[in-house]
Protein chains: 2
Amino acid sequence: MASQNTASLKKVADMMRDLDFCMLTTHADDGQLRSRPMSNNGEVEFDGDVWFFSGADTRKVADIETEARVELNYADTQTFRFVSMSGTATIVRDVDKKRELWIDDLARWFKDGPESEDVVLIKVTPSVVAYWQGEDEGEIALQ
Amino acid sequence: MASQNTASLKKVADMMRDLDFCMLTTHADDGQLRSRPMSNNGEVEFDGDVWFFSGADTRKVADIETEARVELNYADTQTFRFVSMSGTATIVRDVDKKRELWIDDLARWFKDGPESEDVVLIKVTPSVVAYWQGEDEGEIALQ
């Protein structure tokens with residue numbers, strides 16, 4: 001199954017190219033769904049996980065620590081391309097991982113840098129990726 | 001409170017202008033969230049509800065009939081504008097309402113027209129609208 005999974009990852013990576021902003025949907029504590037725009041910071045290539053930097057003391061982090069199931073929705077209204085990822089999120093506080101993924105532009109939002117405890121990573125591992133690209137649409141199971 | 005609500009509706013309507021496509025997120029029967037792109041068909045003006053035509057025998061209709069809480073995410077990557085609506089959805093089968101909202105372009109998707117039982121309306125009533133528009137962001141409570 002390894003080669004099939006590699007092919008699936010490659011297909012998703014191709015669709016994700018140039019899609020930087022998405023809406024991250026979490027389960028809020030009032031039972032509603034809540035979303036906010038998030039950037040992948042020009043992440044190199046999709047390899048099965050999607051990573052975001054976040055403030056530690058934010059509603060989305062609290063939401064994820066209560067209910068890990070999330071969704072990511074990417075839309076490009078110029079090329080008419082939509083990608084939806086259903087999966088689970090975890091909060092990663094490992095300083096080495098934060099340093100590895102850090103880019104300088106992030107200092108605009110997180111002035112204390114990747115070493116700060118106030119900065120965490122949100123790691124989203126999608127199990128299903130649905131896509132709509134012109135007339136082409138489909139679903140890719142990743143797990 | 002009527003005038004305050006009118007002002008809120010007007011503000012949301014202004015933000016929604018020219019945003020036609022969104023992702024509709026529902027709770028799937030496997031416990032995951034699922035989304036798909038939906039069009040408002042150039043709906044005249046937001047008045048508190050958002051309407052979509054749908055096939056009756058679709059997963060999104062089944063999802064909504066099981067769990068009414070949904071979310072709508074609008075993104076315009078050209079003007080860098082994001083609007084997220086959290087609310088509840090209901091399935092409307094009333095033929096008069098379907099005729100009222102029908103536009104001819106829909107025949108491409110629903111060849112039997114608004115009278116057909118195979119065509120339903122999804123009515124979404126948002127309780128909170130969050131928006132991000134350049135440097136401006138905020139939340140508007142509608143109910």
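This is a predicted model: local features need pLDDT of at least 70, side-chain atom pairs count only at pLDDT 80 or more; totals for chains, interfaces and linings use all residues.
**Stop 1: helix α2 of chain B**

Select residues 59-66 of chain B, which form helix α2. Colour K60(B), D63(B) and I64(B): these are buried. They span an arc of only 95° around the axis, so they sit on the same side of α2(B). Now turn to the other side of the helix. There, E65(B) and T66(B) are exposed.

What covers the buried residues of α2(B)? Show strands β1, β2, β3 (50-55), β4, β5 and β6 (119-133) of chain B; the cover includes these six elements.

**Stop 2: where chain B meets chain A**

Display both chains. Chain A gives 21 residues to the contact, and chain B gives 21 residues as well. On the chain B side, pick out β1 (21-27), β2 (33-39), β4 (69-76) and β5 (81-92). Each of these strands supplies at least two residues of the side that touches chain A. Then colour that side by residue class. It divides into 9 polar, 7 nonpolar and 5 charged residues.

**Stop 3: chain A as a whole**

Chain A holds 7 strands and 3 helices. Trace them from the N terminus: the order is α-β-β-β-α-β-β-α-β-β. The radius of gyration is 15 Å, close to the 15 Å that the globule rule gives for 143 residues, so chain A is as compact as a globular protein of that length. Along the principal axes, its C-alpha trace spans about 45 × 35 × 35 Å.

Of the 143 residues of chain A, 29% count as buried. Among contacts in chain A with a separation of 6 or more, 62% join residues 24 or more positions apart.

**Stop 4: V119(A)**

Zoom in on V119(A), in strand β6 (residues 119-133) of chain A. Why does V119(A) count as buried? It has 21 other C-beta atoms within 10 Å, and the cut-off is 20 or more.

Next, select its contacts beyond four places in sequence: F53(A), G55(A), A56(A), K98(A), F110(A), D112(A) and P114(A). Finish with a distance label from V119(A) to R99(A). The two are 20 residues apart in sequence and 11 Å apart in space, C-alpha to C-alpha.

Note on methods
Residues are numbered from 1 along each chain as its sequence is written. Chains are lettered from A and ligands numbered from 1 in the order in which they are written. Two residues are in contact if their C-beta atoms, placed from the backbone, lie within 7 Å. Helices (H or I, at least four residues) and strands (E, at least two) are DSSP runs, numbered from the N terminus. Ala, Val, Leu, Ile, Met, Phe, Trp, Tyr, Cys and Pro count as nonpolar, Asp, Glu, Lys and Arg as charged, and the others, Gly among them, as polar. A residue is buried if 20 or more other C-beta atoms lie within 10 Å of its own, exposed if 12 or fewer, and partly exposed in between; C-beta atoms are placed from the backbone. The radius of gyration is taken over C-alpha atoms; the globule rule is 2.2 Å times the number of residues to the power 0.38. The arc is that of the directions from the helix axis to the C-beta atoms.
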